Amino acid sequence: MFDDFFTRALIAGMGIAIVTGPLGCLVIWRRLSFFGDTLSHSALLGVTLAYAFSINISLSVFIISGTVALLLLSLQKRTKLAGDSLLGLLAHSTLAIGLVLIGFLSSIRFDLMGLLFGDILAVTVEDIFIIWFGGFIILGILFYIWKSIFAATVNYDLAAAEGMKPDVSNFIFTLLLAGVIAISIKMIGALLITGLLLIPAASARSLSSNPFQMVMLSILVGIASVIIGLFSSLEFNTASGPSIIVTALALFILSLIPFKRNRALQK
Amino acid sequence: MTQNKLLVKLENAGVYKSPKWLVRGISFEINQGQIVTLIGPNGSGKTTTAKMILNIMNADEGMVSGNANKMAYVPQKINIDWTMPLRVIDFMKITSSLTNTQITESLTMTGVDKLLYNQIHSLSGGEFQRVLIARAIAKKPDLLVLDEPVQGVDYNGEIALYNLIKKISVTLNCGILLISHDMHFVMSTTDHVICLNGHICCSGTPSSVVKNPEYIKLFGEHNSETLSYYQHHHDHSHDNDGSVSH
């Protein structure tokens, strides 16, 4: 059944959506969307290095994004720059370094559009394995640290005072974010991964009344975005990543409608 | 009188944050069943001292030792991002696994059991403070740290909250560290008062602290009158008529 490129893309995409659901909720709650952007922009550098040294793309992206994330954490304590300036600095310089390096690697043919916006044709059986196996590990670790990371998201001091070790879980969460970018870069593309993290979770927000609901709904919205997005990508011959994100946006707009109706009824 | 269990002990503890010491030379202890109050002006290091006790901050000199099994914290400021849907019942469980009975019990104790399924964002200031306190006491801590628990609460609400804190101390037989920047109601329920201004200015029983020249220098004459006013005030019982109206 993996023979068909479209089936492969569907299976891979759904695997990604299951992982981006809970992580996306945390990104929204912790207001880390720009942080996610920085990590995914730096992922392009990871892809370039993967080609240059012929290593696995996901592994290379994970190493680069993870390094950038840790660099950011340590720089934040040392510089006088505001967090967002620091993020912008790292996001654009890593993106630029990646693009410059691509210029040097003229012997290798690059599909730059594919790297930036995702490529439906590029998903191999190996990729599916990486996505589902990697995703399973990411979700497993997330499940394990959930209580701590959630408490730290509500209030850092409270979590620290009551023995939840928020620093440890913050650190692990950052690496998980690098991990999800690593497994989804090929499919969604460096510029649009944050969209898949944010938009399904944002759609879920207006429909849910507790954190668990929001996580579950953002997984569902993510899966729906992938399925509808990929089918329309096939139908209209559009790039897979953007098609998925546009679908997610459409679902987000839909999610706002019943929300207002509920409010009106409550009053 | 039997010696109650020592919960936490600070010996000459201090926290340095470039370029100055936030607090220095802090020594005191909190025992089981005791209410210790930290008072002092803004920036005097009250919250820093509390954070040392709670292991949120490390002491850069001196020692903080303790054998409290469970510590619970009611922070001064807590801003729950509106992007997170959170009901009172979810908030109660963020640091410990509690049964529904435990949750209802402690919400009943602080008088907000009806709010169990309400969104945190929809609560009033006073309700939220009560939920914060309920969350902290639900797992029956042996040391409870309350950082300005009455802020944003009106006059009647303030009296009710201090009575509640006294009740918690008796019911749970835990040690309580209470932080306040004003003297209004703190004194009568407290066993030991520590007056802080980067260092310990003076400490002792409420009535001795209030006569201390260091205290008067820091807070001015009128605050010692507030105490006498309060002691008088407290001789009468309060009814709740007209309370918590904005």
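Among contacts in chain A between residues at least 6 apart in sequence, what percentage join residues at least 24 apart? The figure is 73%. Please keep in mind while reading these notes that the model is predicted.

1. **Chain A as a whole.** Chain A is built from 11 helices and has zero strands, so written along the sequence its pattern is α-α-α-α-α-α-α-α-α-α-α. Its C-alpha atoms fill a box of roughly 60 × 50 × 30 Å along the principal axes. The radius of gyration is 19 Å, which agrees with the value near 18 Å that a compact globule of 267 residues would have. Of those 267 residues, 51% are buried.

2. **Helices α2 and α4 of chain A.** Helix α2 (residues 33-52) of chain A and helix α4 (residues 83-104) of chain A have axes that come within 8 Å and cross at roughly 20°. Since angles under 35 degrees count as roughly parallel, α2(A) is roughly parallel to α4(A). Their crossing is left-handed. By class, the contact of α2(A) with α4(A) has 12 nonpolar, six polar and two charged residues.

3. **Helices α2 and α8 of chain A.** Helix α2(A) also packs with helix α8 (residues 166-188) of chain A, here at an angle of about 50° and with the axes 10 Å apart. The two helices α2(A) and α8(A) are therefore oblique to each other, and their crossing is right-handed. On the α2(A) side the contact uses A:Gly36, A:Leu39, A:Ser40, A:Ala43 and A:Val47. Their partners in α8(A) are A:Leu177, A:Ala178, A:Ile181 and A:Ile185. Seven of the residues in the contact of α2(A) with α8(A) are nonpolar, two are polar and none is charged.

4. **Helices α3 and α4 of chain B.** Turning to chain B, helix α3 (residues 100-109) and helix α4 (residues 125-138) pack at an angle of about 135°, their axes 8 Å apart. That angle makes α3(B) oblique to α4(B). The crossing of α3(B) and α4(B) is right-handed. From α3(B), the residues B:Gln102, B:Ile103, B:Ser106, B:Leu107 and B:Met109 meet B:Ala134, B:Ile137 and B:Ala138 of α4(B). The contact of α3(B) with α4(B) has six nonpolar residues, two polar ones and no charged ones.

5. **B:Gln129.** A residue worth a look in helix α4 of chain B is B:Gln129. Is B:Gln129 buried or exposed? It is buried, with 26 other C-beta atoms within 10 Å. Apart from its neighbours within four places in sequence, B:Gln129 is in contact with B:Pro149, B:Val153 and B:Leu161.

6. **Backbone details in chain B.** A few backbone angles deserve a check by eye. The peptide bond that joins B:Ser18 and B:Pro19 is cis, with omega about 5°. B:Pro19 sits in the loop between β1 (6-17) and β2 (20-31) of chain B. In strand β1 of chain B you will find B:Asn12, a residue other than glycine whose phi is positive, near 55°. B:Asn12 is exposed, with 12 other C-beta atoms within 10 Å. B:Lys140 is not a glycine either, yet has a positive phi of about 50°. B:Lys140 belongs to the loop between α4 and β6 (143-147) of chain B and is partly exposed, with 17 other C-beta atoms within 10 Å.

7. **Where the chains meet.** The contact between the chains takes 18 residues from chain B and 20 residues from chain A. On the side of chain B that touches chain A, the largest share, three residues, comes from strand β5 (residues 71-74) of chain B. By class, that side of chain B has 12 nonpolar, three polar and three charged residues.

Key: Residues numbered from 1 in each chain as written. Chains lettered and ligands numbered in written order. Predicted model: local features only at pLDDT ≥ 70, side-chain atom pairs only at ≥ 80, totals over all residues. Axes fitted to C-alpha atoms, helices over the stretch in contact; angles between N-to-C directions. Helix = DSSP H or I, 4+ residues; strand = E, 2+ residues; numbered from the N terminus. Parallel < 35°, antiparallel > 145°, perpendicular 65-115°, else oblique. Left-handed = near helix turned anticlockwise from the far one by under 90°. Contact = placed C-beta atoms within 7 Å. Nonpolar A, V, L, I, M, F, W, Y, C, P; charged D, E, K, R; others polar. Rg over C-alpha atoms; globule rule 2.2 N^0.38 Å. Buried ≥ 20, exposed ≤ 12 C-beta atoms within 10 Å, placed from the backbone.
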